[in-house]
Structure formats: C-alpha cells, structure tokens
Amino acid sequence: MSTAPHRARKRFGQNFLHDQNIIGRIVRAIAPGPGQTLIEIGPGQGAITGPLLDATDQLTAIEIDRDLAAALRVRFAARPGFRLIEQDVLKVNFAELGSGSSAGRSAPDSLRILGNLPYNISTPLLFHLLEYRDLIHDMVFMLQLEVVDRMAALPGTPDYGRLSVMMQYHCKVEKLFTVPPGAFSPQPKVDSAIVKLTPWRPLPHPARNPDTLGRVVRTAFSQRRKTLRNTLKTLLLPEYLEASGIDLSLRPENIGLRDYVRISDLVDQHSDSFLE
C-alpha cells in the first residue's frame, strides 16, 4: 500500500536534501567510523541517515515530526544500531545519549553531532549544544549561509558579532562548503553551508567565568553602533574599563576574542562594581 509523499512543514523549517553529490560530500566531511556515537538532528527523510549507518554501527536520530519519525522507524527497522528520539531537540539532554560510560551517560569528548538544522531554531540550538561541549568531539551542520558566515567572521567585518565571539570561544569554526537551494525540496530562498565545529581542548583564551563573558559580549553587541565605553559602562566602572588597556573608543565589532575575555575577567574580578 503506497503512502502520500510527506509535505514539508514550514513550522519545522523543513527542506529535504536530495542532491546525491552533496549528500556524499557531507558524509565524507563527517567521516564516520565504527564504534563512534553519532547523533543526527532532524534526519527528515533519512537522506544522510542511511549512508551514515552504512559506515558506523550506531546512530541516534532526533526528529520532532511524527510522520517523519514513523517513516524512519519503518525504513531503518532492520538496523539494530538505529535509535530514534521523537522530541523537540531544544529539550534533549545530550548527556544521556552516549554509550561511552558505565553510568549510562555520555563520556567526555565522545559525541559526534550532525544534521541539517532548521533555520528558525539554529542559533538557540547552537547555544543549547554548547552547554554540552565537554561531551562533544565535533559537530558538522548544514545551516543558512548567513549564519555560518556570522559564526566564522573575523573582527572588523560586517558579519562579526555575538555569535562569532561565543562560537569561536568554545570551538574551532571551519566553513567547509556552500550548498545551493536546488539541492533541496522544496527549495529554500537562501543558500546554505556546511560548517564543522570542534570544541577546543583546551580553550585558547579561557575566561574566569564563561557566563560573565557571555554577558559582556551580549551587552556590547546590543548596541553595536556605540563605542565600547558607552555600551559597557553598565557592567563596570569607567576606571576599571580604562585599566583593560583596550581602546574603548572602538565599536564592539573592532576587537577580538582575547580582548573580550580580558574585559570579562575585569568584570568578574570587580563584580561588586556592577551598576545595574
């Protein structure tokens, strides 16, 4: 008995990859191997899932769409290493998905996470995953090209912002290649790109308190056309800001990660001087 083809749902940001050349390039970029713990976010119709299962012995897929989940269960029923979680990925506890520890929790540096991330949740999902960075070996994602450009952007460029600083603080960011709209059905209105994120071991510029760094960066870029002196005065008294040695007449996009960490450490050190 045949079933009607699945209709992409806009609320889930669904665009299904069908270009076999692109699929092959993505699988080669992931380079899966036996014994690895692979987690695929948004497998959709299983375009990448099948080739990945051919190369490794276990894969956990996370899919929120009930119809797609049902089809995936049927398609990969004969694959003993296939596990499907039908849930909103933003609510998934990735610490419980690995098989690398006797306690049933993910071992450090053990998870390989991949997927075609929905455009509408890509940024919050990236920050959600960073909460589990100690457990993650690497991540390979397809994202909107604009998002990848922002993640990989350097200081002094228009794309450089909060996402650039925070992703580069936690991970080595590598833009691998672009993917045209024609590789999908239905075709999105934007180009996509494949990005590889590898958590630093150890961090090249560790902050005293990463939460403080996040606050500093968020505050700085909330008014990116103002100078650092004006945007950061709500976090630290002027005399402490001046002690950083950073040119505070610059705008937020004109300083790099190392300088943001320096400011963050001063804020953390003088937390009793917060003005808000």
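User: Which residue stands opposite Glu 174?

Analyst: In this predicted model, residues are numbered from 1 along each chain as its sequence is written, local features need pLDDT of at least 70, side-chain atom pairs count only at pLDDT 80 or more, and totals for chains, interfaces and linings use all residues. Side-chain values use heavy atoms, leaving out hydrogens and water. As for your residue, Glu 174 faces Lys 196 in β9. Strands are DSSP runs of E, at least two residues, and helices are runs of H or I, at least four, numbered from the N terminus.

User: How do β7 and β9 run, and how many bridges join them?

Analyst: Two strands pair if DSSP finds at least two bridges between them. Here β7 and β9 (residues 192-199) run antiparallel, joined by 8 bridges.

User: What is the strand order of the open sheet?

Analyst: Its 7 strands go β4-β3-β2-β5-β6-β9-β7, with mixed pairing. β4 (82-85) and β7 (171-179) are the edges, each pairing on one side only.

User: At what angle do the axes of α6 and α10 cross?

Analyst: Axes are lines fitted to C-alpha atoms, for helices over the stretch in contact, and angles run from 0 to 180 degrees between N-to-C directions. The axes of α6 and helix α10 (residues 257-269) cross at roughly 90° and come within 10 Å. So α6 and α10 are roughly perpendicular (the class for 65 to 115 degrees; under 35 is roughly parallel, over 145 roughly antiparallel, the rest oblique).

User: Which residues make the contact?

Analyst: Contact means heavy atoms within 4.5 Å. Val 165, Gln 168 and Tyr 169 of α6 meet Leu 257, Tyr 260 and Val 261 of α10.
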